[in-house]
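My entries follow the display.

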Amino acid sequence: MTERKAQLAANLAKVEERIAAACKAAGREREEVTLIVVTKTYPASDVRILSGLGVRHVAENRDQDAAPKAAECSDLPLSWHFVGQLQTNKVRSVVDYADFVQSVDRSRLVAALSKEAVRAGREVGCLVQVALDAQEGGRGDRGGVGVGGVEELADLVAESPGLRLDGLMTVAPLAGEYAGRQQDAFERLMDLSTVVRRAHPAANMVSAGMSSDLEQAVAAGATHVRVGTAVLGVRTGLR
Ligand SMILES: *Cc1c(COP(=O)(O)O)cnc(C)c1O
């Protein structure tokens, strides 16, 4: 085993232990929570190692990095999640490799995703990104639609050709009323998910929780956690 493989295996085991403990504490089955490893800023060689270690879901937040990485790893049995703020001029590229776009936060983006998914003959799973720190009707600093706009956007995704409404995603806000209150934030996301599922019962993905707050996300009921640092190490730079 290479040194990097041993390191990633050890980190993965620790994260797995944390998820299992959080499930146990919440009275949930381990199978209810899917680990998505966020591989942004790390090379395709790490993605290949992770795949060999049994990881099945990876996430990226920048198309410039993700597109070549996904191409290099196209032989691996991986689902690719796009989790970053997405400009419409990058949609054509993203739709080529992304199985899920978790950062759907405005109608113009839905229209672009739908058009390109149809053109590519693909079905793209979409999660509406909720900004719990957004002002009424606005968008969050790190993307996301404000709480008041979630249902309308979910309906729009559900009726758009080439797109499948899969659920909701959030990033715990650093500012505003939910700052430092991750579990409350994730419980709010669960409440919104309940509302959305009344109209769209299959949209049952709830993506919340990162390296520092995955326990709170599992406690709140998240179905997917997105973990980068705790598996791959601290990233250099601000991303
Ligand atoms: C980077 C990132 C993560 C992972 O964050 P870590 O703190 O490294 O675990 C999760 N979600 C999104 C949207 C991200 O951009």
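I began with Glu152. Glu152 is exposed, because its relative accessible area of 64% is over 50%. I placed Glu152 in helix α6, residues 150-158. I then looked at the charge around it: Glu151, Glu152, Asp155 and Glu159 form a negative surface patch. I keep in mind that this is a predicted model.

Next I turned to Gln129. Gln129 sits in strand β5, residues 124-131. Gln129 is buried, at 4% relative accessibility. I found its side chain 3.2 Å from the backbone oxygen of Arg142.

Then I went through salt bridges. I noted 15 in the structure. Arg18 and Glu215 pair through their side chains at 2.8 Å, N to O. This pair links distant parts of the chain, with Arg18 in helix α1 (residues 3-26) and Glu215 in helix α8 (residues 214-220), 197 residues apart. Arg18 is partly exposed at 26%, and Glu215 is partly exposed at 30%.

I also checked Arg28 and Glu32. Their closest N and O atoms are 3.2 Å apart in a salt bridge. Arg28 is buried at 15% relative accessibility, whereas Glu32 is partly exposed at 36%.

My last pair was Glu116 and Arg119, a salt bridge with its closest N and O atoms 2.7 Å apart. Both lie in helix α5 (residues 107-120); they are 3 residues apart, so about one helical turn separates them. Glu116 is buried at 7%, but Arg119 is partly exposed at 47%. I noted one network here, in which salt bridges that share partners join Arg92, Lys115, Glu116 and Arg119.

Definitions and conventions
Residues numbered from 1 in each chain as written. Predicted model: local features only at pLDDT ≥ 70, side-chain atom pairs only at ≥ 80, totals over all residues. Heavy atoms only, no water. Patch = residues over 30% accessible without salt bridge, like charges linked within 9 Å, V, L, I, M, F, W, Y side chains within 5 Å. Areas by Shrake-Rupley, 256 points an atom, 1.4 Å probe, with all protein chains shown as cover. Salt bridge = Lys/Arg side-chain N within 4 Å of Asp/Glu carboxyl O. Lys, Arg positive; Asp, Glu negative; His and termini not counted. Charge placed at Lys NZ, Arg CZ, Asp CG, Glu CD. Helix = DSSP H or I, 4+ residues; strand = E, 2+ residues; numbered from the N terminus. Buried < 20%, exposed > 50% of the residue type's maximum accessible area, 1.4 Å probe, protein only. Polar contact = N/O pair within 3.5 Å; in protein donor to acceptor, adjacent residues only side chain to side chain.
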